[in-house]
Amino acid sequence: MNTGKVDVLLGLQWGDEGKGKVVDVLTPRYDVVARFQGGPNAGHTLEFCGEKYVLRSIPSGIFQGGKVNVIGNGVVLAPDLFMDEARALELSGHPLKERLHISKKAHLIMPTHRVLDAAYEAQKGKNRVGTTGKGIGPTYADKVSRTGLRVGDILDGFDEKYAAAKARHEAILRSLGFDYDVAEVEKKWMEGVDYLREFPIVDSEHEINGYLRQGKSVLCEGAQGTMLDVDFGSYPFVTSSNTICAGACTGLGIGPNRIGEVYGIMKAYCTRVGAGPFPTELFDETGKRIRDLGHEYGAVTGRERRCGWIDLVALRYSIMVNGVTQLIMMKSDVLDGFDTIKACVAYKQNGQEISYFPYNIEEGIEPVYVEMKGWQTDMTKCTSEEQLPQQFRDYVAFLERELETPITIISIGPDREQTIFRGTQK
């Protein structure tokens, strides 16, 4: 039997690592690109040919012609937001309905899910998680409690199923005493449902495994980052899905023995959006400088990202739980002008130095840094590894030793052309 390959691409930090650009760069090597979890809380930014695009639910392989793109069963989808995103892409000349397939088993984010999101956050007070307010958590909660509404439901008996789900949400909101009005949002949401029906709605697990039997290759695209995984991230300040490699299996219906390469994406430094622990966060001018140079503002929310030095303790943990085979380093150029570069190689907790990622990083964690000389060179025009400054190459070699994993792709700017391939990727 001819067997295709499945490679997985995911973030290793707290999200915003630059996954969209990398998927776009790697897509020519694959026949299929599939999103396996998350929802419109994830913004993947791509820049090429002088244009900038932000994708929220649509896979980042959509810009490469002749490729099938799949929104998998593990994704949660908001019809109105999807409609806005898709129509904007269609206006820019990208024929979505020829390229994009949507899983029947993907769950729908209802207007009342967003209200529930706001109500639950308000209840938490100072312990707020800092969600994007897009209704992601309540939608996954309905999925787990077996009361969710799925894309396949819009094909049969939809009105009755929607009314029952909405009634359940309204009963909860009444019990919380939370005021809301979804009439206007609901009208557009229903328009989005009609728009969804114009796309191929498929049994995605059968489709993807069928492609593999034909010998085709699949790139699985993750959203958010490993440190936001609901099981292995900095709980409770996490997202509501499994962002790690195993999520590709459950989010697409692919057997674990199908997984080949696991691309782990990281920034040359570290960022985080919203609440939650962040051991290497910088509260000084250096942190502000990284934010400004890296344009570190949420693609979906516009929120300022918290910035800090790279955390190798957390990265080693992420590499372990994902089985990462290759590392991809993004935004290397942001550090071009720094005299000194720091990397956290261990933590101090309760007076003891530890090199592993502990159960609780909320209190009493102090980063242990190694300092290196900066490269003081504009790398954005470099086109080969040989042109990169020696100090930067020393930084890359140091990271490879610490993480025991090869860095095969280096990004030195937002455009798809500003990408340097090393080692096996050349």
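Helix α2 (residues 79-91) meets helix α7 (residues 183-196) through Pro79, Asp80, Phe82, Met83, Asp84, Ala86, Arg87 and Glu90 on the α2 side. The α7 side supplies Val185, Lys188, Trp189, Glu191, Gly192, Val193, Tyr195 and Leu196. Contact means heavy atoms within 4.5 Å. By class, the residues of this contact are nine nonpolar, one polar and six charged. Ala, Val, Leu, Ile, Met, Phe, Trp, Tyr, Cys and Pro count as nonpolar, Asp, Glu, Lys and Arg as charged, and the others, Gly among them, as polar.

The model is predicted; local features need pLDDT of at least 70, side-chain atom pairs count only at pLDDT 80 or more, and totals for chains, interfaces and linings use all residues. Residues are numbered from 1 along each chain as its sequence is written, and side-chain values use heavy atoms, with hydrogens and water left out. Helices (H or I, at least four residues) and strands (E, at least two) are DSSP runs, numbered from the N terminus.

The axes of α2 and α7 lie 7 Å apart, and the packing angle is about 60 degrees. Axes are lines fitted to C-alpha atoms, for helices over the stretch in contact, and angles run from 0 to 180 degrees between N-to-C directions. The two helices, α2 and α7, are therefore oblique to each other. Angles under 35 degrees count as roughly parallel, over 145 as roughly antiparallel, 65 to 115 as roughly perpendicular and the rest as oblique. The crossing of α2 past α7 is left-handed (the near helix is turned anticlockwise from the far one by less than a right angle; clockwise would be right-handed).

Helix α4 (residues 111-124) packs against helix α5 (residues 136-144) at about 110 degrees, with axes 7 Å apart. That makes α4 roughly perpendicular to α5. His113, Leu116, Asp117 and Tyr120 of α4 make the contact with Ile136, Pro138, Thr139 and Asp142 of α5. Four of these residues are nonpolar, two polar and two charged.

Helix α4 also packs with helix α6 (residues 158-176); their axes come within 10 Å and cross at roughly 20 degrees. Helices α4 and α6 are therefore roughly parallel to each other. The crossing is left-handed. From α4, the contact residues include His113, Leu116 and Tyr120. Among their partners in α6 are Tyr162, Lys166 and His169. This contact holds nine nonpolar, four polar and one charged residue.

The loop between β10 (218-221) and α9 (246-252) holds Pro236. A cis peptide bond joins Tyr235 to Pro236, with omega about 5 degrees. Gln224 is found in the loop between β10 and α9. Its phi is near 55 degrees, a positive value in a residue other than glycine.

The second largest pocket has a volume of about 260 Å³. It is lined by 15 residues, of which Gly233, Ser234, Tyr235, Tyr359 and Asn360 are the closest to its centre. The lining has 10 nonpolar, three polar and two charged residues.

One cavity of 30 Å³ or more is present. The largest cavity has a volume of about 40 Å³. Its lining is Lys21, Val22, Val25, Ile328, Met330, Ile409, Ser411 and Thr419. Helix α1 (19-26) gives the largest share, three residues. On a 1 Å grid over the protein atoms alone, a cavity is a set of points where a 1.4 Å probe fits but cannot get out, and a pocket is an open set with protein on both sides within 12 Å along at least five of seven lines; lining residues have an atom within 4 Å of a point. Grid points are joined across faces, edges and corners, and a volume is the space filled by probe spheres set on the points.
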